[in-house]
Amino acid sequence: MVREKINHDFLYYFDQGKSLNSYDVFGAHLVKNEKNEIIGCEFCLYAPNANRVEIIAEWNNFELGRQELYCVDEKGIWYAYLEGNYFEWKRYLYVITTKQGEMLYKSDPYAFFSEERPSKDSKVYDIDGYVWNDQDYMYTKQKTYDKPVCIYEMHIGSWRRRPDGSFNTYNDIVRMLIPYLKDFGFTHVELMPIYEHPLDMSWGYQGTGYYSVTSRYGSPKDLMWFIDELHKAGYGVIIDWVPGHICKDYNGLYRFDGSFLYDYSKEEDRENKEWGTANLDLGKGVTRSFLYSNAFFYMNYFHVDGFRIDAVSNIIYYMANPERGVNEGGLDFLRTLSYNLFGKDDRILLMAEDSSAFPNVTKPASYGGLGFNYKWCMGWMNDTLKYFKKDPVYRKYHHYELAFSMDYFYNEQFCLPLSHDEVVHMKGSLLNKMPGDQWQQFANYRLLIGFQMTHPGKKLLFMGQEFAPYDEWHYESELPWNILNFPLHDSAFRYVKEITKLYHDEKALFEMDFDREGFQWIDKDNVDQSIFIFARLAKDKQDHVIVVMNCTPNTYDNYRIGVLDADYYYEIMNSDKDIYNGSNRINPFPLRSENYPQYGREKSIMMTIPPLGISILKAGYDEKSEKIKENVEVKEEKKPKAKNKTK
């Protein structure tokens, strides 16, 4: 029973911001007998500024004065137990009369489910009882630092829709999604916010019901099945989570009990006018308990594999403005969040969408960092897209914008995003950003994706960009799947499939993402030709690739490049292949290394460099190679000597 849990220990931890399971007390909880039959429902609410709290609901015809909660603690905890077996799935609201005499109609902040918009009602829901089948995945998943991480970012409501334009359910989507993903090298799905929010056009980033999975696409257990099925297929699930700011809808957390209970009391700290939201006060104990418990709720009940934290710069600094100084409450919130989450499961992905230059975002909290294990590399994204928008004629004047990311890359553990934010609000799609005629636009697009997949760091691609639409993303309708009937888009689609699979399978492209020895520039100074050449190495340094990028429409035959110590190289990817709608300036045969110095390297090869293309060359070794011999000898030395056997 909930009433028994409202004790001194719970109240202390909740008030101090240390509660990790406050959802076990607050909200609506069905009561069952020994036969698992519903016999009643408990309601519990935190509202210290309330003078009176009532429930209006379907079972009392939403009439005032019928059912009242009683204050059971001086801190402002209100409670009621109602007998009956008719509560499940029923709608309800709290009516709070404040100490100032104001009457507020509020949704339950801990409700597990809600009525579909435009209704504001909470619904009584039995969150327990789902039987999971993802045990193999949950027990065998590993830390990802030296593993491939390629994230498919999704907005569920606009990935695919029904013929009549209505939303598909979680169940419908996952049945289509898993076969779709199998042709790619994606490892994770990231869901844009899936908790309750009133306005579709906010995409979920202005939430009202943190514990209530949005009813747009089904019930909470439908989402559990969605994640269960993805786990069984081998895909991790990350959710977008917004602990920094809330929707100002009248029924939500904003001024919840007539006071600024969860949000800042000072207007200059609270009112985020750019987004029309209110900032949560992350220094308050009750706000922290609410949010920490919410993160644990999604891990415990939905088996999520990680969180992408939105607008971290708005948490680090007041109003994301460094001139206003660091928000110490926000910093402490993030560090404690990290400590709690990694203490529960050290394999999670905790990703910061942070546009600030604040240091040590991905350093462990125990070492003075903020405790994230990945940070979105907004600098890489902005510099790269800025560069690619330029006509190739002018790229030589901006050459080092594309190389600049490696000057700071090892300061943090980065994820390279090409996210939804870059293909909305008149910014155009990735393809639409590209200069030149149609052929050059698609070639530039392939080059961009190739650069993302070969640059150190984990990867994220927003849905739909895998088939290069011209139009930017629109949340009001599904993705333009019909364009796959056109050869240009179909060939781009094939290219993304194959290069993401190559990324997934090629150790040199991920195994040493955050080790300086995993990346070497071979030539970053060829300004006039806008050519970049670099090497990516696996832990076994013999296992490496060389990446050659040509950012102009010029083709170069018999071009000599410096290489590492391999006998030959063979091309495993060329974005200019005719199957990708390229001009087929490829290197079909192994390229033999010569003892001819180039770029300070002792060895070099001659190759064809395609126009507006990326070529990935894998190191190869002859069977009689000295390098191979050395490795064999070392392995033989390490083998234990056979013991003499006697009959």
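**Salt bridges, an enclosed strand and a helix crossing**

At 11% relative accessibility, Asp269 counts as buried, because its value falls under the 20% limit below which a residue is classed in this way. The structure in which this residue is found is a predicted model, and the values reported here were computed from that model. The partner of Asp269 in a salt bridge is Arg324, and the closest N and O atoms of the two residues are 2.6 Å apart. Arg324 is located in the loop between α9 (313-316) and α10 (328-344), whereas Asp269 belongs to helix α7 (residues 267-270), and the pair thus links distant parts of the chain, 55 residues apart. In contrast to the buried Asp269, Arg324 is partly exposed, with a relative accessible area of 36%.

Across the whole structure, a search finds 40 salt bridges. In general terms, side chains of opposite charge can pair when their charged atoms come close. One of the salt bridges is formed by Arg91 and Glu58, with the closest N and O atoms 3.6 Å apart. Arg91 lies in strand β6 (residues 91-98) and Glu58 in the loop between β3 (50-57) and β4 (68-73), so this pair ties together parts that are 33 residues apart in sequence. Arg91 counts as partly exposed at 24% relative accessibility, and Glu58 is likewise partly exposed, with a relative accessible area of 31%.

A further salt bridge is found where the side chains of Asp172 and Arg162 meet, at 3.1 Å from N to O. Here Asp172 is part of helix α5 (residues 170-181), while Arg162 is in the loop between α4 (156-159) and α5, and the two residues are ten residues apart. Asp172 is partly exposed, at 24% relative accessibility, and Arg162 is also partly exposed, at 36%.

Attention then turns to the strands. In strand β14 (residues 236-241), six of the six residues are buried, so the strand is largely enclosed by the rest of the structure.

The axes of helix α2 (residues 8-15) and helix α8 (residues 285-302) come within 7 Å and cross at roughly 100°. The two helices, α2 and α8, are therefore roughly perpendicular to each other, because an angle from 65 to 115 degrees is classed in this way. On the side of α2 the contact is made by Tyr13, Phe14 and Asp15, and on the side of α8 by Gly285, Val286 and Ser289. When the residues of this contact of α2 with α8 are divided by type, three are nonpolar, two are polar and one is charged.

Conventions
Residues numbered from 1 in each chain as written. Predicted model: local features only at pLDDT ≥ 70, side-chain atom pairs only at ≥ 80, totals over all residues. Heavy atoms only, no water. Salt bridge = Lys/Arg side-chain N within 4 Å of Asp/Glu carboxyl O. Helix = DSSP H or I, 4+ residues; strand = E, 2+ residues; numbered from the N terminus. Buried < 20%, exposed > 50% of the residue type's maximum accessible area, 1.4 Å probe, protein only. Axes fitted to C-alpha atoms, helices over the stretch in contact; angles between N-to-C directions. Parallel < 35°, antiparallel > 145°, perpendicular 65-115°, else oblique. Contact = heavy atoms within 4.5 Å. Nonpolar A, V, L, I, M, F, W, Y, C, P; charged D, E, K, R; others polar.
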